[in-house]
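Student: I would like to learn how to read a protein model feature by feature, with the general idea before each case. Could we go through one together?

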Amino acid sequence: MSSAALSPQQLGALLDILVHHETYSEAESFKYPESIEHYGYPFRAQGGSEGERSQSPLLQLLLTKLILPTPGIRDLPSEFWTDKFRSLMRRFGEAELSESYDKGTLGSRKRLASAASVIHECITRGLLNGVPNGELPDLHKKYDMSNADDLSRAWDDVVQHLVYGDLMDDLFNQFMETANIENHSAAVEAAVDLAILYIATFLHHLFVLSAEGPYLLKLLSNVHTLIPYSMIGQTLRVGNAGTMINAMVKLFLAKVSVGAISNWLGLTQNAADGMNLMQRIISLVLEWDTGDFRKAADSIKRSKERPEEAQLTAIDEHLQATREKHESIRHISQSDGKSIVVAILEAKDETLVESLTETQHTQCLEYYSAQLAIRDREKITEALCRQTPDLITSMVRDGVSVFEPMIRTIHKNVDIRKHISSVESFLTDLIETSKPKKRDDGENKCASAPPSVEDFVALLRRNRQLAYNYLHEFAEGCPDLRTTWLDWAKKSLESFRQTGGTNDDISTDNGSDSSPCPGGADKRLQNLFRELPDGTQTNVRAAIDAHAKYLSILEGVSMGRMQSIISGIGDYEKSRAGGSMGGPGVYITRWHCLLDETIVTPSTPRGQPRRGKDVKTLKALGKTEAIVGSETWDPDALTRQEEQEWPEPPDVSIVVEALGTQFKSLVAEISARDLLRK
């Protein structure tokens, strides 16, 4: 075996490859109900046996290091995780929600899950490798706010001070004194500007560039409309905190039905007890969606060149089949090079395919997609609102119970009504910002254009003071809670510190006495690489080098886009001309990599499966159109334009094949030993 070590740049690329693959693999596994059973703590009581390893170690690491210690959440009873949350996850697994392959497009769940996975992997890389430790920079030196490199450097300086210095104490003290965090230092001001650019880019991708953007926006608008803000405000006027909390709980969680009364009296047990307001909002929003998909399915049944009744019946019957049957048909479709519809029809009766025209095939695909969407929403509603016992209501009650002391303190010292109104105004502004804009393009002064990244930058800039005002009132009026949250924040940031030691101190043997912990993964990755055979090392190193070059190019593109927005934001705000359709952030391209790699059914009766990049600009039949109806934009054209600067990602499958299993075991060991130290 070769002893040639990987360089720091190569180690960074290797960690990026392995974390990227493992994070999404773990998230995707929860489509099966048994996955939650192999998660380990906190969904299974901590047994203390070091041999027990989580099958979702990266997710467990993030949960146990940052989320479970959060004030309030750390006070939840163990039954919340081992019984209620675990059972709810099993319900969703047993519901067998639809796959992108069957639907022929990338749905909202796929897009949101992959986005969450990419954000998760960014945090996890920090936990595993840590923030470099060096001399703390001067936060009060001059940073050029019009220079992307300076903003990036300011962000790095702020992060280093947060992890290794006393900046978190300073920021909490800053909010005690004023409602403007940016007055602390030039570095903090620049870091806030950088954060705004990144968040704005994410919102722009979610609501504008994504084919599901108008649908997600309509979903948000429907929920926003149903939330009784005025009634909440009236309830918050109650002076006694206990009375106010009870009133709010009754408003959202109380059920009044025959089943609820008989359960309360003990005459029945687990009888269907109707829905509370929270569940009614969920079910109504999903039912509105379901109505759109039913209309789409009905329109296919009424079309002139509609599929035969037997063909549609075969599809309906397949929907009711078992998971094993669904997976078998999906496998046949992929391996035999035929569409999912053809595989379904042939499994029922091969003669059903003989008379299938191209038009009928397309309609069958659309019909199947619409019926899957209907089934998904019915299953989600059933899991959250109709099944007994009512897990979601019980979980919310547990949450209210553990946060009640905080709520009492905040209610006493902070005018919550004002900040609820701020949330309402921000959501209204977000929805309005995400609609098409009238632009002056020099030729057609009334042209309608999609929102730009600059529009979302402006949204965040004009609303950030709302968040500052709340944090100032909280820090000033609730000193005990301020101390509690400060302690948690500082403890969480310590998880991102790099640990000392040399390569000789680290061993991946099960019998090692070393204590592998987050903050120094480079040394252990170096050992894993050295254990590979020489020939495999050569191929893996080549793939790592290609990925390192790819990441470097992405970083350059990101910085260029950031500079373009910074340089043009002033002129944009003074005019009505169109802005940028692409913003900074390597994580955006990593998000799209997950989408692009998704396998999707062929669009023709016979053919090879498509990839996500071929269909990610398509919207499923029946999806709600933009709020403004016909005033919309072409996400396909925008996405193609935005992706022109992106390089093609290299094939790194050999790295995953060679080191993926060992890396998962390594992280599982890190997570397990970290739990034993708690």
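Tutor: Let us begin with a loop, where Pro 42 has its place between α1 and α2. The peptide bond that leads from Tyr 41 to Pro 42 is cis, with omega near 5 degrees. Before we go further, note that this is a predicted model, in which local features need pLDDT of at least 70 and side-chain atom pairs count only at pLDDT 80 or more, while totals for chains, interfaces and linings use all residues. Residues are numbered from 1 along each chain as its sequence is written, and side-chain values use heavy atoms, with hydrogens and water left out.

Student: Which other peptide bond is cis, from Thr 388 to which residue?

Tutor: The bond from Thr 388 to Pro 389 is cis, with omega near 0 degrees, and Pro 389 sits in the loop between α18 and α19.

Student: How are the helices and strands defined, and how many of each does the protein have?

Tutor: Helices (H or I, at least four residues) and strands (E, at least two) are DSSP runs, numbered from the N terminus. Here the secondary structure comes to 28 helices and 4 strands.

Student: What does it mean to call a residue buried, and what percentage of the 678 residues count as buried?

Tutor: Buried means under 20% relative accessible area, exposed means over 50%, and partly exposed lies in between, with a 1.4 Å probe and protein chains only. Of the 678 residues of the protein, 53% count as buried. At 12% relative accessibility, Glu 96 counts as buried, and its phi is near 50 degrees, a positive value in a residue other than glycine.

Student: How do I read the packing of two helices, for example the angle between α1 and α2?

Tutor: Axes are lines fitted to C-alpha atoms, for helices over the stretch in contact, and angles run from 0 to 180 degrees between N-to-C directions. Helix α1 (residues 8–28) and helix α2 (residues 57–67) pack at an angle of about 85 degrees, and their axes are 8 Å apart. That makes α1 roughly perpendicular to α2, given that angles under 35 degrees count as roughly parallel, over 145 as roughly antiparallel, 65 to 115 as roughly perpendicular and the rest as oblique.

Student: Which residues of α1 and α2 meet?

Tutor: Contact means heavy atoms within 4.5 Å. From α1, Val 19, Glu 22, Thr 23, Glu 26 and Ala 27 meet Pro 57, Leu 58 and Leu 59 of α2. The residues of this contact divide into 5 nonpolar, 1 polar and 2 charged, where Ala, Val, Leu, Ile, Met, Phe, Trp, Tyr, Cys and Pro count as nonpolar, Asp, Glu, Lys and Arg as charged, and the others, Gly among them, as polar.

Student: Which residues does His 120 contact, leaving aside its neighbours within four places in sequence?

Tutor: His 120 is in contact with Thr 23, Leu 58, Leu 59 and Leu 62, with those neighbours left aside. His 120 has its place in helix α5 (residues 108–129), and at 9% relative accessibility His 120 counts as buried. The C-alpha atoms of His 120 and Val 19 are separated by 9.6 Å, although the two residues are 101 residues apart along the chain.

Student: How can I check the length of a helix such as α13?

Tutor: The expected span of a helix is 1.5 Å times one less than its number of residues. For the 26 residues of helix α13 (residues 277–302) this should give 38 Å, and the end C-alpha atoms are 37 Å apart, which agrees. The buried residues of α13, including Phe 293 and Ile 300, pack against α9 (213–226), α11 (241–253), α18 (358–386) and α19 (391–413).
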